[in-house]
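Dear colleague,

I am passing on the structure below, followed by notes on what was found in it. Please read them alongside the coordinates.

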Amino acid sequence: MSRGVEAVAPPAARPASRDRAAAGRLRAAGEFLLPFAILAVAWELFAAFGPLPAKLFPSLGTVIQTFGGLLASGVLLSHAQGTIIRLGLGFALAAILGVAVGIAMGRYRWAEDVLLPLVSIGSPIPGLAYAPLFILWFGLGNLPAVLLVAVAAAFPAAINTWTGVKAVKDIWIRAAEAMGAPEHQLFRKVILPGALPYILTGLRLALARAWRVLVAAEMLTSVPRGLGWLIFGAREFLNTDVMLAGIAVIGIIGFLLERVVFERLERFTVVRWGMMEA
């Protein structure tokens, strides 16, 4: 009999735990949505009583209706697909180049002496300043847009990676060397994990810079389709609702990249290793 009571007791405790978890998720969702709700109210008030006409500052209802129409017709997905492909290629090149240069500068003095002045000069230059040169060198289309993204986004990745490698404690390196760790193990087990928080921050900054450059580069390089092309093309006809729909897609893609890629990568690396708190 007592065994039966013990068997029933745990399931009775689980619903309370589930309720607390559900309440926690609900509270987190409310906290997440609150800024958007405030922004939506402010937007609607400005659209209704502000000085700009509805053509230039449409209501949220108009923007949502346009967003739904473009999504249903496939126009939005087609432009988003073109942008995502260019962003992925450009960002991948930037990540490979930037991290490699940053590691080289952090590990080898000669590389730091040679590359750091070049990176320091190139980093503050806006990516779009290179656009006329790239169009002359590579013509119009996808290639100059991808290369522009890669060059512009490589600098923050390189600088943060260099900082991360330099920030690895000497005592960790000396301890690994004293235990006879070869260079590849030293890099894989000490330097890379130690520098990874900085590398991830650099990649986040690189992604933000890639977005800024890509949206304008798509217009300048006359790509066949892309969110930048959609936004700048809509400007010619004062279709601000279409422009806002394109901007919303950029925000959604950026949010998904942050949640799906960077947060998971952090959770499975630096958080798991105890180097950062979740």
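Phenylalanine 255 has a relative accessibility of 34% and therefore counts as partly exposed, a class that lies between buried (under 20% relative accessible area) and exposed (over 50%), with a 1.4 Å probe and protein chains only. This is a predicted model, in which local features need pLDDT of at least 70 and side-chain atom pairs count only at pLDDT 80 or more, while totals for chains, interfaces and linings use all residues. Residues are numbered from 1 along each chain as its sequence is written, and side-chain values use heavy atoms, with hydrogens and water left out.

A search of the whole structure finds nine aromatic pairs, where rings of Phe, Tyr and Trp (its six-membered ring) pair if their centres lie within 6.5 Å, and planes under 30 degrees apart count as stacked, over 60 as edge-to-face and the rest as tilted. In one of them, the ring centres of phenylalanine 32 and phenylalanine 255 are 5.7 Å apart with planes at 40°, so this pair is tilted. The pair links distant parts of the chain, since phenylalanine 32 belongs to helix H1 (residues 2-49) and phenylalanine 255 to helix H10 (residues 240-268), 223 residues apart; helices here are DSSP runs (H or I, at least four residues), numbered from the N terminus. Phenylalanine 32, at 37% relative accessibility, is likewise partly exposed.

The rings of phenylalanine 46 and phenylalanine 57 have centres 4.8 Å apart and planes at 65°, so that pair is edge-to-face. Phenylalanine 46 is partly exposed at 36%, whereas phenylalanine 57 is buried at 16%.

Best regards

Terms used:
Helices (H or I, at least four residues) and strands (E, at least two) are DSSP runs, numbered from the N terminus.
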